[in-house]
Amino acid sequence: MPVPIYISEEDTQKSTFRWVVNISQWKPCEDEWKFLLSLLPDEESDAVKRFKFQDDQKRAIVSRLLQRRCIEMALDIPYENICIKRTKGRKPFLANKGNTPAAPNFNYNVSHEGDYVVLVSEPVCVCGVDVAAPQAGRRGKKMTFEETFK
């Protein structure tokens, strides 16, 4: 018979996050950009740099840094030990969950589009988030509904 696990509200709050970052006004200088890239493993830094447009790079780096900070805070895993992998569908997940009784099913989800990067996390329940920017909030060519299917 499974032993019930008691998790205090204080413990669950430690790993429950709802973060929203608006990147529209952020204009990183070259030194700031290099510093932030240096905080990521080489493969993640390279992935950020592969994006053609600066706004795409900004969303990618903010997403990756939020994930790492969330995991560090929620599970007390040292930043340099965090190992994030991706599913076949490219969804990021924590590969080295460790042993945190207060977050037995820790999971998180990130989404980004337009000006926003959003992260949610939960210690027990599966969570998800999806950002959909209105057409006016997207960069680039405005397309009609019909053009999106061509």
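**Burial, helices and packing**

Student: Is Asp76 buried or exposed?

Tutor: The relative accessibility of Asp76 is 55%. Buried means under 20% relative accessible area, exposed over 50% and partly exposed in between (1.4 Å probe, protein chains only). Asp76 therefore counts as exposed.

Student: What kind of model is this?

Tutor: Residues are numbered from 1 along each chain as its sequence is written, and side-chain values use heavy atoms, with hydrogens and water left out. Local features need pLDDT of at least 70, side-chain atom pairs count only at pLDDT 80 or more, and totals for chains, interfaces and linings use all residues, the model being predicted.

Student: What pattern does the protein follow along the sequence?

Tutor: The protein has 4 helices and 5 strands; these are DSSP runs numbered from the N terminus, helices being H or I of at least four residues and strands E of at least two. Of its 150 residues, 40% count as buried. Read along the sequence, the pattern is α-β-α-α-α-β-β-β-β.

Student: Where is Asp76 placed, and what is its phi?

Tutor: Asp76 belongs to the loop between α4 and β2. Its phi is positive although the residue is not glycine. The value for Asp76 is near 55°.

Student: What is the phi of Arg90?

Tutor: Arg90 is located in the loop between β2 and β3 (92–94). At 55% relative accessibility, Arg90 counts as exposed. Its phi is positive in a residue other than glycine, and the value for Arg90 is near 75°.

Student: Which residues of helix α3 are buried?

Tutor: Helix α3 spans residues 42–49. The face turned away from its buried side carries the exposed residues Asp42 and Glu43. What covers the buried residues of α3 includes α2, α4 and β2 (84–86). Those buried residues are Glu44, Ser45, Ala47 and Val48.

Student: Within what arc do the buried residues of α3 fall?

Tutor: The buried set in α3 is made up of Glu44, Ser45, Ala47 and Val48. Seen down the helix axis, they line one face of α3. An arc here is that of the directions from the helix axis to the C-beta atoms, and the buried residues of α3 fall within an arc of 160°.

Student: How are α3 and α4 oriented to each other?

Tutor: The axes of α3 and α4, lines fitted to C-alpha atoms over the stretch in contact, with angles from 0 to 180 degrees between N-to-C directions, come within 8 Å and cross at roughly 155°. Angles under 35 degrees count as roughly parallel, over 145 as roughly antiparallel, 65 to 115 as roughly perpendicular and the rest as oblique. The two helices α3 and α4 are therefore roughly antiparallel.

Student: How are α2 and α4 oriented to each other?

Tutor: Helix α2 covers residues 30–38 and helix α4 residues 54–75. Their axes lie 10 Å apart, and the helices pack at an angle of about 45°. It follows that α2 and α4 are oblique.

Student: Which residues of α4 meet α2?

Tutor: On the side of α2, the contact involves Trp33, Leu36 and Leu37. On the side of α4, it involves Gln57, Lys58, Ile61 and Leu65.

Student: How far apart are the C-alpha atoms of Leu37 and Val48?

Tutor: Leu37, in helix α2, counts as buried at 10% relative accessibility. Beyond residues up to four places away in sequence, Leu37 touches Ser45, Val48, Lys49 and Ile61. Leu37 and Val48 are 11 residues apart along the chain, and their C-alpha atoms are separated by 8.2 Å.

Student: Which residues does Val62 contact, leaving aside neighbours within four places in sequence?

Tutor: Val62 lies in helix α4 and counts as buried at 11% relative accessibility. Its C-alpha atom is separated by 9.8 Å from that of Val48. With those neighbours set aside, Val62 is in contact with Val21, Ile23, Trp26 and Val117.

Student: Which residues does Ser63 touch, not counting those up to four places away in sequence?

Tutor: Ser63 is found in helix α4. With a relative accessible area of 3%, Ser63 is buried. Beyond four places in sequence, Ser63 touches Val110, His112 and Val117.

How values were computed:
Contact = heavy atoms within 4.5 Å.
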